[in-house]
Amino acid sequence: MPTKMLQIPTADGQADAFAAFPDGGGRHPGVLMYADGFGIRPVLREMARELAGHGYYVLVPNFFYRHGPAPVIELPEHIGEEVRPAVFAQLMPLIEAHTAERVLSDADAYLRFLTTQSEVGAGPVAVTGYCIGGLLAVRTAAAHPGQVAAVAGFHGPVGADGSDTLAEITAQVHFGHAETDMTPEALGELNRALDAAGVDYTSEIYPGTVHGFTMSDTDAFNPAALQRHWDRLLPLLGRTLANG
C-alpha cells in the first residue's frame, strides 16, 4: 500500500499530512479523513491504509499544524484512562484555538490539494472524521455542498453547529454515535433536525460503546463497533463516489 507524508499549502503556512492510496497506479476517488484530537499516529495511519485498500485515495491532515508537525503533543503508545486527563490538558488549548474560521479556511486548502493529486480522479469526494474530526467533517461538507458527496462522523459532536449548518449539507450522511455521547432523546432531536434540513442520512447509537470506540490505542476501543463503522462507511462511499 503506497503511503506518503505531504505538505499542504494553507493560508497560514504548511499542514503536514499522511496519504494512503491503492497500489498499481490509476486514479481513485478522494477521501479527506479528519483524525480525532490525538491526531495522526499509528492507528490513524492504519485506518487510512485500510480505507485506501478499498480503492480510495485517503488524505489525513494534521489540523493542529499551526502548533507544529504531528504528533503535536507527545502521546503514549496506549492512551489509557490514567493518562487521558494530562493529554487533554495539553490538547484543549489547541482545540479552542481551532476556530470555525480556521476550520473553513483549512478545509478549502485540504480539498484543493486532495483534488489536484495525480492519483485522485475527477468527481466528488467524501469527508470522514472521528471525535472533533466528525465536527470538522460536517463543517467541510456544509461549506462545499457541490463537491462533497458523502460525509461520515463517528463519536463526534456532529450536531454542535445546529440546524443552519445541517441545512447546507447536500452529501449523503452517516453518523455513528457512542452510547456515552448521545442519549436516545438527543439522538431523536438530532435526527429531527436532519429530517427538517432534508438531509439523506443514517444516524444511530452504536450499542455498548463509549466515546472513542474506533481507536484501538485507547481504552474506549470496541472491535465490534469498529467493524460496524466499516460496515456503514464503505457502502456509503460505494454509493456516492465514482468507481467506489
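A141 is buried, with a relative accessible area of 1%, where buried means under 20% relative accessible area, exposed over 50% and partly exposed in between, for a 1.4 Å probe and protein chains only. The model is predicted, so that local features need pLDDT of at least 70 and side-chain atom pairs count only at pLDDT 80 or more, while totals for chains, interfaces and linings use all residues. Residues are numbered from 1 along each chain as its sequence is written, and side-chain values use heavy atoms, with hydrogens and water left out.

A141 belongs to helix α4, residues 132-143; helices are DSSP runs of H or I with at least four residues, numbered from the N terminus. Apart from residues up to four places away in sequence, A141 touches V148, V151 and I169, contact being heavy atoms within 4.5 Å.

Neighbours within four places aside, L237 is in contact with V31, L51, Y56, A126 and A150.

Three cavities of 30 Å³ or more are counted. On a 1 Å grid over the protein atoms alone, a cavity is a set of points where a 1.4 Å probe fits but cannot get out, a pocket is an open set with protein on both sides within 12 Å along at least five of seven lines, and lining residues have an atom within 4 Å of a point. Grid points are joined across faces, edges and corners, and a volume is the space filled by probe spheres set on the points.

The largest cavity holds about 90 Å³, and its lining includes D36, R84, H155 and H211. The second largest cavity holds about 60 Å³; G37 and F38 are among its lining residues, and both also line the largest cavity. The lining of the second largest cavity has eight nonpolar, three polar and no charged residues.

The largest pocket has a volume of about 190 Å³. Its lining includes R41, R45, E77 and D217.

How values were computed: Ala, Val, Leu, Ile, Met, Phe, Trp, Tyr, Cys and Pro count as nonpolar, Asp, Glu, Lys and Arg as charged, and the others, Gly among them, as polar. Helices (H or I, at least four residues) and strands (E, at least two) are DSSP runs, numbered from the N terminus.
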